[in-house]
Amino acid sequence: MNEQRATEQGSGRRLVNERPAAALVRPAAPLRPRPSYCPKVSPVCCVPGLISMAVRALLVGGASAAAAATLMILQSRKKKPSFTLGYWDIRGLAAPARMMLVYAGAEFEDKMFELKQKEEGNGWDAEEWFDECRPALRQKNAFINLPYLIDEGTGLVVTQSTAIYQYLGRKLELMGSSEAEEAAAEQTLAQAFDLRNELVRIVYPFSGTTPEKFPGALTKHMKSISSSHYDKFSRFLGDKPFFAGQSPTAGDFHVWEMLDQHELMATQFGKSSPLEEYPALRAFHKRMRQLPRLAPYFESEAARLPCNNRMANFK
């Protein structure tokens, strides 16, 4: 935000003192770190220099100008990014985005749509989504699908899950603090989605995995993910606490969700935990679960939603 200079003169007199003006300014107390929901190009509440702005207004424009600057600061401090996230009433592809939003302290509406079986018994329907919401959103984004994200500050509508994770990562400063960390976050997201695609092929019947075939498909899947995904995740994570470094980035939330869904499946169907052979991944799964800033998410109903939709072999 461009720095604003106060022009109001108040009583008509500037502050006068025999000492140099610089002597009037005491060293400001250290500012708290910028909130995680603040982007790099951000409103005044999210950038350094708030105290110096108020002091400068006092020196240049008098008490009334300083008061106006202070009021502007206090008002802007209340502003947080506001979003609407739309998805089915399941964890699915929305869980990583919900976790990111809660972790960052962002304000958002969690808009959920219910999938209902048609009365005839063949097929599924979601009137509210297909007939009421999707047509209007399609006017703003021709790619519209679930999940979708509306940035209420700009009106931008984003769809496709990975695009949403990356958009939120940029807006909420969850894409790392360097090019290397950003690249790590992007790669982690892509690898997590590869695992997600393999999981979808067995938990939903669309690829021919009927309820009767599911137990055999699950056994095969659990064996294959060790070498095809968990080994890669473990080696990429290494001895770091998170996939891109010392703090969570967008990819961590998606990986955690994938690991957790597999843990739930293993428990429900009597399989060994896929994490048993990977202590670093097991520690990562626990570390994410215990982050204080994610406590509100894990205490919410959203964390207890089914993982998949109503026709799935594993819910």
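Predicted model: local features only at pLDDT ≥ 70, side-chain atom pairs only at ≥ 80, totals over all residues.
Local features need pLDDT of at least 70 and side-chain atom pairs pLDDT 80 or more, while totals for chains, interfaces and linings use all residues. Numbering starts from 1 along each chain as its sequence is written, and side-chain values use heavy atoms, with hydrogens and water left out.

**View 1. Helix H7 packs on helix H9.** H7 covers residues 179-203 and H9 residues 250-268; helices here are DSSP runs (H or I, at least four residues), numbered from the N terminus. Their axes, lines fitted to C-alpha atoms over the stretch in contact, sit 8 Å apart at an angle of about 25 degrees, with angles running from 0 to 180 degrees between N-to-C directions. That makes the pair roughly parallel (angles under 35 degrees). Contact means heavy atoms within 4.5 Å. On the H7 side, Phe-193, Arg-196 and Leu-199 are among the residues involved, and they face a set in H9 including His-254, Met-258 and Met-265.

**View 2. Pro-211 sits in a loop.** This loop runs between H7 and helix H8 (214-237). Pro-211 has 57% relative accessibility, so it counts as exposed (over 50% relative accessible area, 1.4 Å probe, protein chains only). Its C-alpha atom is 8.7 Å from that of Ala-312, 101 residues apart along the chain.

**View 3. Leu-294 and some of its contacts.** Leaving out residues up to four places away in sequence, Leu-294 touches Met-99, Tyr-103, Phe-253 and Met-288.

Terms used: Helix = DSSP H or I, 4+ residues; strand = E, 2+ residues; numbered from the N terminus. Parallel < 35°, antiparallel > 145°, perpendicular 65-115°, else oblique. Buried < 20%, exposed > 50% of the residue type's maximum accessible area, 1.4 Å probe, protein only.
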